[in-house]
Amino acid sequence: GDPRAPVPGDGAGLSRRPPGMARQGSGAMLASGGLGFPPQNLARVVVWEWLNEHGRWRPYSAAVCHHIENVLKEDARGSVVLGQVDVQLAPYVIDLQSMHQFRQDTGTMRPVRRNFYDPSSAPGKGIVWEWENDNNSWTPYDMDICITIQNAYEKQHPWLDLSSLGFCYLIYFSSMSQMNRQTQRKRRLRRRMDLAYPLTMGSIPKSQSWPVGSSTGTPCSCPQCLLVNSTRAASNAILASQRRKLYPGGVRQSSTFAGGALWPAGTGTPAVVAGGAAKGEGLRVAGAGFAPGQGVPSAALPGLNNLNRPGTQRGAGLGARATVPPGVPALPVKNLNGTGPVHPALAGMTGILMCAAGLPVCLTRAPKPILHPPPVSKSDIKPVPGVNGICRKTKKKQLKKSKTPEDVVRRYIQKVKNPPDEDCTICMERLVTSSGYEGVLSPRGIKPELVGKLGKCGHMYHLLCLLAMYNNGNKDGSLQCPTCKAIYGEKTGTQPPGKMEFHLIPHSLPGYTDSKTIRIVYDIPTGIQGPEHPNPGKKFTARGFPRHCYLPDNEKGRKVLKLLIVAWDRRLIFTIGTSNTTGESDTVVWNEIHHKTEFGSNLTGHGYPDPNYLDNVLAELLAQGVSEATLKD
């Protein structure tokens with residue numbers, strides 16, 4: 001789970017580059033182990049980038065890069081809270097000392113780098129090139145691709161072949177489209193103006209002590225900043241402790257952490273690095289675990305850059321294993337349910353800072369999620385009380401001979417004779433003028449200047465705009481207000497054919513020890529996309545099926561099950577699109593109704609205990625038009 005637009009962790013988009021193929025562009029490739037600096041007295045545009053799961057460096061937005069640079073000027077070893085400039089990046093913190101981005105709620109770490117480009121290139125001019133993804137939103141290209149496209153655009157080339165950058169795409173400027181040379185699939189692209197990226201010259205000031213003193217103003221008291229401050233304080237205390245043991249009497253106590261040590265001397269309490277080792281193992285760091293005068297073994301000082309060299313880091317950890325006293329408590333690496341003594345994000349940030357400082361590391365196994373219940377015999381599986389049947393099947397969508405699109409739109413609106421002088425939020429033209437779709441659509445009986453008001457919510461649009469929106473959707477006889485999402489009629493989805501089973505099993509979920517468990521099993525096979533899908537006639541994949549999901553067998557759990565059955569019948573549980581996890585397109589994905597797929601734990605965030613889950617999923621079902629009133633019909 002990572003941010004969106006541009007959100008660290010989103011792997012959807014361009015095809016991966018063949019192994020070993022170099023990338024071209026005007027950006028300097030920098031060592032991943034620290035901050036990069038442009039040549040002295042040479043102006044350069046700074047673009048901060050993060051490494052995604054496909055090995056591609058993805059740019060942060062210009063606004064985020066300005067924020068990072070401002071923090072960098074104050075303290076080159078500080079931390080950057082990205083949520084202060086972009087609310088979509090609220091869970092993320094960049095540690096400038098280790099050059100890693102850290103997600104506080106999951107413990108995920110990704111390398112970041114500070115890259116430089118020519119001031120006359122696209123980022124220096126604030127030009128962003130983007131492609132349209134399967135969710136009809138826009139994704140920026142990698143920065144070197146963006147620069148290459150802009151250079152060709154400025155030279156008025158009719159088209160551009162991206163194969164020199166390792167991608168099998170052609171860009172056509174006349175139609176503003178991108179075509180996959182292998183599949184012939186086309187996507188729209190666009191060029192937009194944004195904030196120019198920051199400009200820098202030469203090196204940056206020397207780092208100051210951290211945190212910054214009170215003379216700079218009152219420090220921020222938001223939870224993220226408090227977390228970062230406490231993490232830095234813990235790191236500084238441990239570093240000071242190590243220096244005192246390496247150089248007795250010769251090291252002055254760090255001024256950034258006033259007071260005594262975090263733990264009593266000699267207790268050997270370690271912190272934990274958020275999981276980066278092989279086979280599900282985490283990293284445990286012995287911070288103050290050496291007796292006075294013992295010193296630190298040479299194998300435990302791998303150097304400051306080893307955070308970016310997993311092999312060296314692991315080797316140092318194995319060498320230091322024997323220095324950790326037996327019986328030292330270990331903090332769970334993926335302690336996402338908050339049951340441990342230390343906040344998981346605090347543990348993760350402290351860990352990566354300590355690793356960067358070269359403290360000894362040893363491996364400890366992280367807990368594994370309990371995805372499935374113990375084996376259940378067929379005789380123990382029972383129907384769910386109050387729910388008819390144990391299975392539902394959906395077939396290919398039957399195209400009903402319903403009313404025309406014009407009739408559907410007229411059904412839900414009231415004509416407005418004197419519309420207000422405000423924007424239609426579909427075409428962005430004024431309501432007192434003609435629709436922006438004039439000339440694009442020419443339906444009978446609907447003039448481009450006609451305005452209608454939706455009956456329940458009262459929002460107003462051009463009738464022609466509502467008609468265009470309906471024709472671009474599922475054409476199922478329902479309308480959804482684009483402003484408030486109110487649903488008119490019965491909304492249906494594009495879920496492919498499959499089977500839903502549900503039954504009781506004699507086991508309890510964490511937090512519901514007095515109840516049995518409702519198990520739901522979804523099974524959807526691979527198939528061919530229909531006319532309502534992104535690429536009609538093309539094969540789609542169905543990964544991870546059958547999928548097992550769990551609800552408590554209580555009154556509210558059974559209510560959720562009944563509504564999920566309605567959502568299944570309306571084809572709203574799944575859809576075909578691009579996976580946020582793998583980046584694979586044309587595959588079956590969840591459709592905004594969350595399910596619990598972890599039976600006996602909550603290490604992934606998709607399990608129990610979660611006291612708010614049933615209420616949250618009821619709200620998600622309501623947003624899809626599936627409410628308790630549906631059960632009474």
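Predicted model: local features only at pLDDT ≥ 70, side-chain atom pairs only at ≥ 80, totals over all residues.
The structure holds 12 aromatic pairs. One of them is formed by Tyr512 and Tyr608, whose ring centres are 6.0 Å apart with planes at 85°, so the pair is edge-to-face. Tyr512 belongs to the loop between E23 and E24, and Tyr608 to the loop between strand E29 (587-590) and helix H10 (613-623), so the contact ties together parts that are 96 residues apart in sequence. Both Tyr512 and Tyr608 are buried.

Another pair is made by Tyr550 and Phe599: their ring centres lie 5.2 Å apart and the planes stand at 70°, so this pair is also edge-to-face. Here too distant parts of the chain are linked, with Tyr550 in strand E27 and Phe599 in the loop between E29 and H10, 49 residues apart. Tyr550 and Phe599 are both buried.

Charged side chains also meet rings. The charged end of Lys596 sits over the ring of Tyr608, 5.9 Å from its centre. Lys456 lies over the face of Tyr488, at 4.9 Å from the ring centre.

Strand E27 is part of an open sheet of four strands, ordered E17-E23-E24-E27 with antiparallel pairing. Its edges are strand E17 (391-394) and strand E27 (547-552), each pairing on one side only. Neighbouring strands are turned by 15° against each other on average, direction ignored. Helix H9 (residues 555-569) packs on this sheet and touches E17, E23, strand E24 (517-523) and E27, its direction making about 170° with that of E23.

E17 pairs with strand E23 (residues 498-505) in the antiparallel sense over four bridges. Within E23, Met500 is the bridge partner of Arg392.

Definitions and conventions
Residues numbered from 1 in each chain as written. Heavy atoms only, no water. Pairing = 2+ DSSP bridges. Helix = DSSP H or I, 4+ residues; strand = E, 2+ residues; numbered from the N terminus. Axes fitted to C-alpha atoms, helices over the stretch in contact; angles between N-to-C directions. Contact = heavy atoms within 4.5 Å. Phe/Tyr/Trp six-rings, centres within 6.5 Å; stacked < 30°, edge-to-face > 60°. Buried < 20%, exposed > 50% of the residue type's maximum accessible area, 1.4 Å probe, protein only. Lys NZ or Arg CZ within 6 Å of the ring centre and 35° of its normal.
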